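Grab a pencil and have a look at the model below. Try each exercise yourself before you read its solution.

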Amino acid sequence: MNAVVKRFPLRLDTKGARVDMTHGSGGRAMAQLIEELFLKHFDNELLRQGNDQAAFDVSAGRMVMSVDGHVISPLFFPGGDIGSLAVHGTLNDVAMSGARPLYLSAGFILEEGFPLADLDRIVASMGQAASEAGVPVVTGDTKVVEKGKGDGVFITTTGIGVVPQGIDISGDRAVPGDKIIVSGSIGDHGVAIMSSRENLEFETTIESDSAALHKLVDKMVETAPDIHCLRDPTRGGLATTLNELAMQSGVGMRLLESDIPMKAAVTSACELLGLDPLYVANEGKLICICSPEDAERLLPIMQADPLGRDSRIIGTVVEDEHHFVQMETLFGGSRVVDWLSGEQLPRIC
Amino acid sequence: MKYVDEFRQHTLAKQLAEAIRQEADDERQYHLMEFCGGHTHAIFRYGVQDLMPDNVKFVHGPGCPVCVLPIGRIDEAIHLVEAHDVILCTYGDLLRVPASGRKSLIKVKAAGGDVRMVYSTQDALKIARENPDREVVFFAIGFETTTPPSAVALQQAKAEGLKNFSLFCNHVLTPAAIQNILESPEVRELGSVSIHGFFGPSHVSSIIGSRPYEFFAEEFQRPVVIAGFEPLDVMQSALMLIRQLNEGRYEVENEYTRVVSREGNKKAQSLVADTFELRRSFEWRGLGLVPYSALKIKKGYEALDAEKRFTIPVSQAKDVKGCECPAILRGAKRPTDCKLFGTVCTPENPMGSCMVSSEGACAAYWSYGRFRQPAQQSA
């Protein structure tokens, strides 16, 4: 270790201090924030080089790149926070192409007055999520906006990854006869968020399912390289994601309500709030569409992974010129499962 | 889930469907109006129509509080935000209802108006306490079910001496509306709308009881069955209605005995009686001016009445041309009879109120049932 003069004589006060405009001005305060907060939690060789970009070698082959902005409220919720979510969300978007994620970038927009203690907690959680996933945050950016012009903190993450040879997963590849698999219970994330909203507090044991799915995907593509579609049903929930896929592939879908995994607490909360769990967000689930033979092969592999333990086949891809997603209800009737329109609002009567 | 799953059981549904098939006379039609949007929603969400014989049809009534609110009242609420700079607290369903001049509360909010979505009157009171130098108005709408919470808010605000809180009252009454439908020429004289029986509201009846329906069951010779909002409730009630019709009876029966009594919730009734009184007349979308069909804030609470506190010009707004919401609300037309349905009017871009709320007939048709329509028309 070089015996250099300490660059910042006073340590960054991550207990009581708050973000101010100097933290985004490019001066010494910003340098200290980067070094004593971001670098502390994200520490890796590429980031430590201190350049405005990360330079690295890549293998030959097909690369994927994805970006995701995170503006969630509240910032901390049962089962996660905006930090872990920002890592998981982007890793999952990369992984849904069958790719192995390699690197992440992170851009922060901080609101003046935001407590550094909260920022420290969020960045620590991001660092932990990235290290658990084995995907480092190698470059980043920080901006500060005046009080009232943001909502605490917004985080944008970008991920890049490389697709293994021979994998061609895309939303337009579903064909009639394919099976639709979901990797576990739906609606957990959305209900966890709603349970902690300020004006809606209700007690539930439900935690967000926020998780990085790329290791599960890795096993899946190894078992069944010809998976047709993968997608994570985030905003808009299972219903909206299936409609996207049906539209992209030009097919219809038939679901069986009785086969869709759902936690009792999620069903109850949705019942109470007048929401339909099919439209509630997930952050650690995926939908897989593949041939019936592949579905048989995939199910045991998925169920053996903790993140896919409750995987189920929930329906079949069918021919339908209207591209409708229809569902046989538990009750014995049938209904169209449409796109989500607007926000899902609680019913009033 | 206890008390919910029991009322959605597939096997029981099959048995009930069979019983209905046995009971229904092939020679006659059974047009049953569900007054409440809650029933409409359940019928579509669970596919109840699929389990009915062809001659048993559901006619969707005007029981969605968002749908029956005339455009003018939304205009007036917008006026409160724009001209009086109030914080307007409202239930979420109202945000997207189209007002005059292509406005809606959600657009007014985007343009800088202080419109806040709340889940209860208590949220609105809290906002008023936290913003003592702003006027806070609660946009009160709904049938008898949502009236008691408004009554509580008025009492609390008065007791606390909350000076900056007021209530824009749009509470309406169910029995008056049902009676109005039965008296309409389409039903009574022309016979162009046949309604043979009614599913009585469930939540509303938990407050007012089943007694208020007794008059018009007798007067108009239409059976009423108070029905719960679960799909099995709807089916059981359909069976009870069909049975009454077959036997020539016109009674008020109560399927929803686990919640509704003949007398209703006396405590809630007295709360409402303490704070509200009848309006001489109120405009309903689809029904026009209906006498004694709505409530206004009573003497003693007038200081909390937004209509007294602020000058609000009366809006002469008209529905969008071609919009059939009024006829649909009366059961005189189906959503698919409207030229705008699914073309320019969709849940993303609603022209009429029936497309806004998930309980509105148009939105329910669009979301859950539209695939069924072409098949039915060609049949």
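Predicted model: local features only at pLDDT ≥ 70, side-chain atom pairs only at ≥ 80, totals over all residues.

Residues are numbered from 1 along each chain as its sequence is written, while chains are lettered from A and ligands numbered from 1 in the order in which they are written.

**Exercise 1.** Find out which element gives the most to the side of domain 1 of chain A that touches domain 2 of chain A.

Step 1: start with the bounds, which come from an automatic or database domain assignment. In chain A, domain 1 covers 21–163 and domain 2 covers 179–336.

Step 2: look at the contact (C-beta atoms, placed from the backbone, within 7 Å). Domain 1 of chain A puts in 19 residues and domain 2 of chain A puts in 23 residues.

Step 3: go through the elements, which are DSSP runs numbered from the N terminus (helices: H or I, at least four residues; strands: E, at least two). Helix 3 (82–95), strand 4 (100–111) and helix 4 (116–133) of chain A each give two or more residues to the domain 1 side. Helix 3 of chain A comes out on top, with 8 residues.

**Exercise 2.** Work out how helix 1 of chain A and helix 4 of chain A lie relative to each other.

Step 1: get the angle from axes, lines fitted to C-alpha atoms over the stretch in contact, on a scale from 0 to 180 degrees between N-to-C directions. Helix 1 (residues 28–42) of chain A packs on helix 4 of chain A at about 25 degrees, and the axes are 8 Å apart.

Step 2: pick the word (under 35 degrees is roughly parallel, over 145 roughly antiparallel, 65 to 115 roughly perpendicular, the rest oblique). So helix 1 and helix 4 of chain A are roughly parallel.

Step 3: see who meets whom. Among the residues in this contact are A:Leu37 and A:Phe38 from helix 1 of chain A, and A:Leu119 and A:Val123 from helix 4 of chain A.

**Exercise 3.** Do likewise for helix 7 of chain B and helix 13 of chain B.

Step 1: the axes of helix 7 (residues 147–160) and helix 13 (residues 266–275) of chain B come within 9 Å, crossing at roughly 55 degrees.

Step 2: that makes helix 7 of chain B oblique to helix 13 of chain B.

Step 3: list some partners. The contact includes B:Ala151 and B:Leu154 of helix 7 of chain B, plus B:Leu271 and B:Val272 of helix 13 of chain B.

Conventions: Contact = placed C-beta atoms within 7 Å.
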